[in-house]
Each structure stands twice: as structure tokens, then as C-alpha cells.
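I opened this entry to record what I looked up in the structure.

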Amino acid sequence: MTVTSSLKPGIAARRIASFEKRFGQAHLMLAYHAALPLVLTSDLLYSLWINFRQDIRGQALNIPWFAVADLLLSSLCNEVGYELYQMDATVRNELLNRLQEDDCFSQTRIEELSNFLLDHIRQHLQSDEPYIQNFAKAQRWAALAYTRPHKTTYELALVFSQLNFDNPAEILRMLSLLENLALPLPEFQSLLTYARGIAAFVRGNIEVATAHLKELVGADNQIRIAGVRLPTPAPVQSRLNALRSERTLNFSRANLQGKSFKGQDLTDADFSYSDIRGADFSDAILVGTNFTHTIAGLQSYREMWLIFCSMLLSLSSGIGAIIMGYYLQTFLITPINEATYIFAISALLLFAVICVVILRQGIEATLGSITLAVTGILTLGATIGLPSIWDWLIKTILAIAGIIALMIGCSSARLGALSFLGKWATRLTIASGVFFGFYGWSIIFSFKNSTTKISGVADAKFKAWLESVFSSHPWDLNTQIDFAIICVLVASVGLILAEAVGIVLGKIVNKALALTVGLCWIPIWFLFLILSQQTELNSAGSALILTSIAGLGAYVGWQAINGNDKYAFVVNAAVAATSFWMKGTSFRGANLTDANFSEAKVKGVHFSDANLTRTSWFHTKELELAYVGESYLKSPQIRQLVITGLGQGKNFDGLSLRGINLSGANLADASFIGTDLSQANLQDANLSRAKLVRTQLEQTNFTGACLTGAYIPDCNIISSTKLDGVECDYIYTQLQTPDNPNLLRHPEDSGEIFDPGEFADFVQYMQSLHSR
């Protein structure tokens, strides 16, 4: 019944011009209107002449009655059956374009013609005759094509999903129908390509079929158009699989520990089930790469170094706490003068305040990194410049721990407010640590020639040092006391962080080690204090400070590894240092667009500055122990969301989730007010009743998503937003408030719902209203 186009655009234009020259402008107006139906009959064309005698402004068209016969018998129409006529597809599209562009008709007349044609064929859709029913369906799609193009494409895709490959006649008929409709939509063009591929297959040309269908295969090796999954013939699928294997680099199940892929193009490569611990993918192109079930992070021998650092930090924290407690007790019980007594009281009170603040407010990233750096410098200075009642081993432990603390502080410098400085954040942190540390020691050593006598201190060397420190002029003494308080407070927080970070470093290896580091050292230190021959260390002050610092450090570390947002800095600092200094798997600067890390183990992996657009993290393991820089993964809430896909009823207002992959996620009743979801993958997600108010949706993929009952006032749905196959019965275009309870439901009738595929056409209509 339908024929495909055989005319080039230039020939079609000349044929239309010849028709106008022969019959006049009035006849051409009738041809405009007759172009919408796919097939014409004399009865249908006469009804068009009767019903469309004026343009949209009410001006008469003056089309004579005999124009009906003239048009059917002209070169613009071809007889395709008994009293059935059809225009060439190129001619038809040219006439419709002119009708739409003419100010006397425009889209308004297209919609009027569509409604007329739907009424005209309604009774034929219920016919018992397959031939008549197919004819009516074709006319219906023609009527909807220019008013509801997305709905039309969806319905046609649904028909193709149900076609039998053993029925070539029906496949060829549907191909002919598509070629005559020729909708200017990307998804329709994809459907036309699919139809041509299937038609080539039923004709026995598998090579041509493969060439057509390979353009449509997605990352999941399936064809999906307008939200509808379309079948692929088995012989063609085999060819497609072979082609995919040929062009895909296969590293599946390989041992790639320590290998370098830096800067390489590994698009669509397969690393599934491989061991990539210590591998370097920096600046590599990894678009669509498969990392499912991979093991990434630190190599085994580097984990031993991590264990050493973890134990050393916890050990040094205990040593520092014992020494600090002893000397604060000395200053409090046997003070040198009033100033030292005030110093001891002030330091203890402020230490108690800091402990409360840490418990209630957590640790801010920038202050935490600088504190670790300053503590590292102070510890190094202490091992070099201060006398010790213990031997060189203790000094060595403290020196190494100071270096580790400095390195961790510098590595975590970009986690807080200094992140905008980039590499300069690290340099500023180093500078702060060096300045405060050595400025403190410069004040201390500048008074070493003083002669004040001090009693009550057991260590003779330390006693001599104190005499030199506090024998200064009154106006210098205040400066020293103030700075000494600052140093003590910084050191105490640094010791707490050292214990906490030591626990997290242990967690990167395994949780049992973290528990060991966090809990075992405390009883060991108390046992040491009880059995110590150094009676000056075996004191209540040492026990009190040890309990406070080690206990609070263990608490902070344990809360951090269990996902407490207040202590996220501790995990981030440990992970940043580990990924940078321990040389775990690195994706720094890599393009991981559409890559898949489902079920992968990524602890200790470096993702800083990587492009994580639409990267899949479903069921990824230990993602909280990977260094993710400033990406959307830095938020524990978002990490949990991308791993589990469970966001029902959650609040994501105002967040930047640009490029996030939430395919298949449950986001029912979630709130995205003011959220940036540009370039996000929300394919097949459940967004029923979600609040998409002022939400940015540029290039967002909603294919197959459920939007029933969603609130979409002022959301930025634009032409690049993919709405193929969206399931939506109704939506609201206004958010309910106490002042305005009206939700503005669409469709307005509470008993009416959108037909499948109709929502995208509604959005297109709303966009056209806003653009006027």
C-alpha cells in the first residue's frame, strides 16, 4: 500500500513548482493539506476540502471543488491501489514543511489536520479486517507524527520489538512506512536504521544488516531506541560480538600488578576480574572500559609499609601523650612562677574544650591538615633540640612519626577550604608547618643563656632547659607563654589525629588491624606506666593525658572508618597520603566516562582529577577508602547512593551531581531542588514523586525512567535532555506551598493519564510555549 521515496529534493521541488504553475495557488493550498495523510482517497480529500476552506486567520482559501480530482490525477500523487493514492515521500515532506513555515497556517494548522485525521480513521481502528486496521494505524501514525513525534516513535519501536523475523512481508511493510514518515528526530532516524538492518537480514544480507545495527548497539551490547529494547537476529548478534572482540583490548582475569598504562587509549577495554593493584592509568583514555570485579589499590609489599606507618603513628601518639601529661602535671603542681601555672591551667582547660569541640563538631579539613603538618615539624624539632630521659630509639620513632605526620598533612591539604589553590594548597600547608614549628623553637632557643632556677623537675637536662626558657624579660615572657599554649594545643590535636589516622591506615589493610591499632596500644601504655622505672613518668598527669588523647584518637578513628561525616577528613587524609606516597592504582587525570567499576575493590585507588562522567559504581567495594579529590564522590551520602542505588525520600537539594550515574536507582520521593544533574545517567531510575524544581538537566538521560507524579516546575528540560520511553502517567508543574496549594497537574483531568511516549511530546509543547 505504501511506496518509498524515489525523488531527490530538487526534482520534488520542481514537480511542486510545475503543479502550482499549471493549477494555481489555490490548488497548491489543497496539496499542502493533503500531504499529512500517508494515503489519500477521493472521500478523504473531499472531506479535507470541505473542512479547511480558510486559513488560521479566517481568510478564505478559495479552493474550487474540482481541485480534488486535479490533485489526485496530477504528478504529485501515485495510484497505489484501487482508488488509493499516495504522494512521494520527498514531495510530501516538502509540502508539509511549506505548510508549517507559512504564517497563514504554521503548526496550528498541522495540529488541526492531525485532529481531523484522527477523527476520520477512529472507527477503522476497530475493524475486524487486518488490511483496514493496518491502513488506519498507518494514518494514525501520520496524524501523530508532526504533533506527537516522540509518542509516534515509541509506538513504532514497540511494534518493531514484537515483529517476527520469520515474517519478512510485515518487516518490509513497516520499513516502507517509516521511510514515508521520515520524522526529524534522532531516535526516529535510529529506528529507521534498525528497520533497514532488519530488512537486510530478512533479505539474506547479513553483512549489510550488521553494518546498520552495529551503529545502534549500546555499552550493554543491546539496542535500545525510544526506551524500547529491540531484538537482534542471532546471526547478526554473533557478528556483532565478533566485531566487538576484535576492537576491544582484552585484559580480563590478567595479573597486571604494577603495570603502566599511562596516557594510553584503552577505550572499551575489558579489565574484568583482573588484578590491577599498583597499576598506573594516569591520563589514560578509558571511555566505556570494563573494570567490573577488578582488584585495585596497594600491592602486598606496600601494605606492609602501611602497617608499619599505622603502628608508628599510634606508638608516637602514646609517647607524646605520656610526655605531655608529665610536664603539664609538673607545671601545675610545682610551677616555676605564676605565668607557668597560668600556662598549665590554660592549656588543660583549652585542651578539654578542644576535646568537646572535636566530639561535637568534628574536624575541619584545612585545620586538620595544617595541624598535622605543624605537629610533624614540632615533633622533628623535639627530637633534635630537646633533651630526653629516654634513649635514641625513642627519638628515632618520634622523628619518623613526625615525617609521616608532615607528609599526611601535606597530602590532605587540598581536601578543605584550600582546595581552590590546587598544588599551592600543599605548599601553603608545608610553609605553615615550617613557620609555626621553627618559630616556636626559635623563641625557645633564643633564651638559652638565662639563669632562672627551677625546682621540681626530675630530668636534669630538661630542668636546665626550662631555666633558660623562662628567664626572660617580662615583655618577652608573655609571648613565650602564649605561643607555648598554642604549641601544646596544636600538638595535642595532632596526637589525637595521629592515633585516628593510624587506625584508618590500618583499615586500608583490613578492619581487624584497625581494631588492633586502636585498642591494643592503650593497655600496653598503661602497663608501661605501671611497670616504668622512671617514677617521674609514672604519674597521674601522664595517665590522664594518655587516656584523653589515645581514647579520643581511637574514637575519632573508629567513627571515621564507620562513615561518620564529622570525621571524614581523617579517612580522606589517610587515603590521600596512601594513594600519593604508597603508589596504589592511579587513575589520576584519566577519562573514565561511562567506565564500569561494579563489584570492584578500590581501596587506596587514586581518582584525583579523573573524568568520572556517568561512571558506574554499583556495588563497588571500599570506595570510601579511595581518594576521589573534589568529585561528587567526596560526599559520603553520594558515595552510598551510587553504590547502593537507594535514594528514596533523600534530600539532594543544591548539590552538584553533574555526570553522576544513577541508572536503575530508586529515587522515589527524593528532592533535587536546585540540583545540577547535567550529563547524569538516570536511565530506568524510579523518580516517581521526585522534586525536580530548578534542576539542571542538560544532556541528562532519562531513558526508561519513571516520572509519574514528579514535580517539574522551572526545571531545565531542554532539547538535549533524553526522554525516550519515559514512564509517566502524570506530573505536577507547581510545587505545593502554604500560600499556593494548587499543584497544577498534567493532564488536568484527574482521571486522565499520559499515553506511553506522550510525556516527551508534552515537554516539547511546554518548551515551545516558553520560547514564544
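I count two residues as in contact when heavy atoms lie within 4.5 Å. On that basis I looked at contacts with a separation of 6 or more, and residues 24 or more positions apart account for 52% of them in the chain. I note that this is a predicted model.

**Whole chain**

I looked up the secondary structure and found 24 helices and six strands. The chain has 772 residues, and buried residues make up 52% of them. I then read off the accessible surface, which is about 34200 Å². Carbon and sulfur atoms hold 55% of that surface.

**Helix pairs**

I describe two packed helices by the angle between their axes and the distance between the axes.

I noted a right-handed crossing for α1 and α5. From α1, the contact uses P9, A12, A13 and I16; from α5, it uses T90, V91, E94, L95 and R98. I sorted the residues of this contact by class and got six nonpolar, one polar and two charged.

Next I took α6 with α7 (residues 130-145). Here the axes are 8 Å apart and the angle is about 165 degrees. An angle over 145 degrees counts as roughly antiparallel, so α6 is roughly antiparallel to α7. The crossing of α6 and α7 is left-handed. On the α6 side I listed S114, L117, L118 and I121, which meet A136, Q139, R140, A143 and L144 of α7. The classes in the contact of α6 with α7 are six nonpolar, two polar and one charged.

Then I turned to α8 (residues 149-161) and α10 (residues 186-202). Their axes come within 10 Å and cross at roughly 20 degrees. That makes α8 roughly parallel to α10. The crossing of α8 and α10 is left-handed. I found H150, T153, L156, A157 and F160 of α8 against E187, F188, L191, Y194 and A195 of α10. The residues of this contact of α8 with α10 are seven nonpolar, two polar and one charged.

**The loop between α22 and α23**

I looked up two residues in the loop between α22 and α23. One of them is K603; the loop runs between α22 (568-581) and α23 (636-644). Is K603 buried or exposed? The cut-off for buried is under 20% relative accessible area. K603 has 15%, so I logged K603 as buried. I left aside neighbours within four places in sequence and listed the contacts of K603: A296, G297, L298, E303, I508, V509, K621, E622 and L625.

N591 lies in the loop between α22 and α23 as well. Its relative accessible area is 24%, so I logged N591 as partly exposed. Not counting residues up to four places away in sequence, N591 touches A284, I285, L286, V287 and N611. I also checked N591 against L266: they are 325 residues apart in sequence, and their C-alpha atoms are 9.9 Å apart in space.

**Backbone entries**

Most residues other than glycine have a negative phi, and most peptide bonds are trans. I looked for exceptions.

S106 has a positive phi, near 55 degrees, and is not a glycine. I placed S106 in helix α6 (residues 106-121). D669 is another non-glycine entry, with a positive phi of about 65 degrees. D669 sits in the loop between α23 and β5 (731-732). I recorded D669 as partly exposed, with a relative accessible area of 32%.

Which peptide bond did I log as cis? The bond from H746 to P747 is cis, with omega near -5 degrees. P747 is in the loop between β6 and α24.

**P756**

I ended on P756, in the loop between β6 (745-746) and α24 (758-771). Leaving aside neighbours within four places in sequence, I found P756 in contact with K151 and Y154. P756 and D729 are 27 residues apart in sequence, and I read 8.3 Å from C-alpha to C-alpha.

Note on methods
Residues are numbered from 1 along each chain as its sequence is written. This is a predicted model: local features need pLDDT of at least 70, side-chain atom pairs count only at pLDDT 80 or more; totals for chains, interfaces and linings use all residues. Side-chain values use heavy atoms; hydrogens and water are left out. Helices (H or I, at least four residues) and strands (E, at least two) are DSSP runs, numbered from the N terminus. Buried means under 20% relative accessible area, exposed over 50%, partly exposed in between (1.4 Å probe, protein chains only). Axes are lines fitted to C-alpha atoms, for helices over the stretch in contact, and angles run from 0 to 180 degrees between N-to-C directions. Angles under 35 degrees count as roughly parallel, over 145 as roughly antiparallel, 65 to 115 as roughly perpendicular and the rest as oblique. A crossing is left-handed if the near helix is turned anticlockwise from the far one by less than a right angle, and right-handed if clockwise. Ala, Val, Leu, Ile, Met, Phe, Trp, Tyr, Cys and Pro count as nonpolar, Asp, Glu, Lys and Arg as charged, and the others, Gly among them, as polar. Accessible areas come from the Shrake-Rupley method with a 1.4 Å probe; for residues, only the protein chains shown count as cover.
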